[in-house]
Amino acid sequence: MSAPLLEARGLAKAYGGVEAVRDVSFTLAPGEMLALIGPNGAGKSTLFAMLGGQLRPDAGRVLLQGRDITRVPASGRFALGVGRTFQVAATFPSLSVRENVQTALLSRAGELFRLMGRADRSHRAEADALLGHVGLAGAADRAAGELAYGDVKRLELALALGNAPRLLLMDEPTAGMARAERADLMRLARDIARDRAIGVLFTEHDMEAVFGHADRILVLDRGALIAEGPPDAVRRDPKVRAVYLGEEAGP
Ligand SMILES: Nc1ncnc2c1ncn2[C@@H]1O[C@H](COP(=O)(O)OP(=O)(O)OP(=O)(O)O)[C@@H](O)[C@H]1O
C-alpha cells in the first residue's frame, strides 16, 4: 500500500503547563476533504501550525507521502507542495486579479526578482486558466482590492493553486462570508480537490460547511482527538454531542 498523502503520528505540543495538542494521529488521502473541528481552545490552530511548519511539535511526526517533514520549516513545506490559505486573505489590492495570480506563478518559478515589467506577459495563459477554475475569469482585469469578499476568497484559492499543491491547508476558509457564498466556496474547493487529487485539510467554525462538504471529520477536544469519521457517524457520536451540547455552533 502506498503512503498516505499526509500522516500525523502522535503529535503533541504544550505551552507551559497547557497541553494544547496531545498525541494526535490521523491520515489524509489525495482528493479528500478533511475537516478539523472542536470547541474554542481545543487545539485546532496549534495542530494546524504543526502541519504547516509554523510550529515545531514537542513530540510526534508529520509525514508527506511517507517523507518525514517534521523538521522542515514552512517555506520548505511550501516547496514540497504544501499550500495554505489564511483567514485574512493575502492579496495585492492594487494589482489586477490576473496580476495577483501571475505574481504567485512567478514566485513559484523563482522569477519574482524579474517581476518588474514582465507580469503583464508572464504566465498569462496559466493565470487565466486558474481564474477560470475558480470562477473569476470575468474579473481578471479588475483591481483585487475592488473584489467582493467572496471573490477575494476565490482569488486566494487560485493563488494557492498556483503552486500546484498536493496538500492544501485552509484555515477557516468561509470566515466572514455570507451563507450562500460559503456553500459555493466549499463546493469549489471540493471539486478542485477531487479533480486535482489534492488533499484538503480545513478548520472551520461553520458547521454547515463542515457537515455539508467534508468527506471526513476530525474532532478535537482539549487537545485530544475524540472522534474521526464521515459526517453522519461524527454527528451521531455521543462524545461529540457531549462536547457541543449547548454550543451555538453544535453539529
Ligand atoms: N502561544 C500560546 N501560549 C500559551 N498558550 C497558548 C498559546 N496558543 C494557544 N494556547 C493555548 O493552547 C490551547 C489550544 O489553543 P488553540 O489556539 O490551538 O485552540 P483552537 O482550537 O484553535 O481555538 P479557537 O477555536 O479559539 O481558535 C488553548 O488552551 C490556548 O489557550
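**Exercise 1. State which elements are among those that cover the buried residues of helix α3, and work out how enclosed the helix is.**

Solution. The cover over the buried residues of α3 includes α4 (124–133) and α5, where two residues are in contact if their C-beta atoms, placed from the backbone, lie within 7 Å. The model is a predicted one, in which local features need pLDDT of at least 70 and side-chain atom pairs count only at pLDDT 80 or more, while totals for chains, interfaces and linings use all residues. Residues are numbered from 1 along each chain as its sequence is written. Helices (H or I, at least four residues) and strands (E, at least two) are DSSP runs, numbered from the N terminus.

Next, take the helix itself: α3 (residues 97–108) has 12 residues and reaches 17 Å from its first C-alpha to its last, close to the 16 Å expected at 1.5 Å a residue, the expected span being 1.5 Å times one less than the number of residues. A residue is buried if 20 or more other C-beta atoms lie within 10 Å of its own, exposed if 12 or fewer, and partly exposed in between, with C-beta atoms placed from the backbone. Since 10 of the 12 residues of α3 are buried, the helix is largely enclosed by the rest of the structure; among these buried residues are Arg98, Glu99, Asn100 and Gln102.

**Exercise 2. Describe how α3 packs on α4, giving the angle, the handedness and the residues in contact.**

Solution. The two helices pack at an angle of about 115°, with their axes 9 Å apart; axes are lines fitted to C-alpha atoms, for helices over the stretch in contact, and angles run from 0 to 180 degrees between N-to-C directions. This makes α3 roughly perpendicular to α4, given that angles under 35 degrees count as roughly parallel, over 145 as roughly antiparallel, 65 to 115 as roughly perpendicular and the rest as oblique. The crossing of α3 with α4 is right-handed, and a crossing is left-handed if the near helix is turned anticlockwise from the far one by less than a right angle, and right-handed if clockwise. From α3, the contact draws on Val97, Arg98, Val101, Gln102 and Leu105, and from α4 on Arg124, Glu126, Ala127, Asp128, Leu130 and Leu131.

**Exercise 3. Carry out the corresponding analysis for α5 and α6.**

Solution. Helix α5 (residues 149–161) and helix α6 (residues 179–196) pack at an angle of about 15°, their axes being 10 Å apart. That makes α5 roughly parallel to α6, and their crossing is right-handed. On the α5 side the contact is made by Gly150, Lys153, Arg154, Leu157 and Leu161, and on the α6 side by Glu181, Leu185, Leu188, Ala189 and Ile192.
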